[in-house]
Amino acid sequence: MRLATWNVNSLKARLSRVEAWLASSSPDVLCLQETKSTDAAFPAGRFATLGYESVHHGNGRWNGVAILSRVGLESPRPAFHGEDPAAVTECRIVAATCAGARVVSVYVPNGRVVDSEFYVAKLEWLARLRAELDATCAPGAAVAVCGDFNVAPADLDVFDPAQFAGATHVTGRERDALAVVLRWGLRDVVRELSPDGPGPFSWWDYRGGAFHKGEGMRIDLALLSAPLASRVTSAYVDREERKKGTSGEVPSDHAPVVVDIDW
DNA sequence: ATGGTAGCGCTGCTA
């Protein structure tokens, strides 16, 4: 099974690239973040034509998450369990069972400024994600939590730790909150297969030619429970997708993270 | 050189 996660920074603006990437990379399951789409506008029909079932949770303009699968998509759940999806103001989590694996697509809040109300809400959101796993899954089952975590887990995940010292995405409290999620029983398989850094980065600022200068961060993660992690054959970032297209199409500021699993 | 880019949507916010 090929499992991937990609923050597309607007599905409407990126649809042709997403469709091309599905055709060229053939993921079995793709988690999307920042669709900036409503459920009504989500192009489920286009994806169905390509052989993918899908579930989307979004209310337009900002945020929005989805899962596409061509290996079955059962028990879709937009929002945290027990939440009324229609009442959610920030759509940041959706789950579905694909080929017997519980797949969760997450878009963790950015946090904006350290110690701001948004930063506090980010820490709380990560704590809620851990509680969600405790309440809805077992670490002995096949579980994949994939998405844009907006946290660089270690200094190895930042191009210049000194430049980012004390900034959001790298603070100890954010890393601790992410570590609590991991301690539920998840493994960061890209880092396991690429123990040396810096990188591999998954996000580069649009500004200042950051991508071509190699100035990125690794904030998009595929976190797998032991039954899945033990069967991983490769895990990597598709940096090619971050380059501009020949027809001048703009890429997302994030690259897809891809995991191949003997599953 | 106190900036820069992209998306949404039409003004300034979010990232």
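Ala95 stands opposite Val104 in β7. The model is predicted, with local features needing pLDDT of at least 70 and side-chain atom pairs counting only at pLDDT 80 or more, whereas totals for chains, interfaces and linings use all residues. Residues are numbered from 1 along each chain as its sequence is written, chains are lettered from A and ligands numbered from 1 in the order in which they are written, and side-chain values use heavy atoms, without hydrogens and water.

Strands β6 (residues 93-98) and β7 (residues 101-107) pair in the antiparallel sense over six bridges; pairing requires at least two DSSP bridges between two strands. Strands (E, at least two residues) and helices (H or I, at least four) are DSSP runs, numbered from the N terminus. An open sheet of six strands runs in the order β5-β6-β7-β8-β12-β9, with mixed pairing. Because β5 (74-78) and β9 (187-188) stand at the edges with a single partner strand each, one side of each is left without a neighbour in the sheet.

DNA strand B is surrounded by 16 residues, the closest being Ser10, Arg14, Arg61, Arg112 and Arg207; a residue is near the strand if one of its heavy atoms lies within 4 Å of it. Of the atoms of DNA strand B that come within 4 Å of the protein, 75% belong to sugar and phosphate. Helix α1 (residues 11-25) gives the most to this surface, with three residues. A polar side-chain atom of Ser10 lies 2.4 Å from a phosphate oxygen of DNA strand B. For Arg14, an N or O atom in the side chain is 3.1 Å from a phosphate oxygen.

Notes
A polar contact is a pair of N or O atoms within 3.5 Å; within protein, one must be able to donate a hydrogen and the other to accept it, and residues adjacent in sequence count only if both atoms are side-chain atoms.
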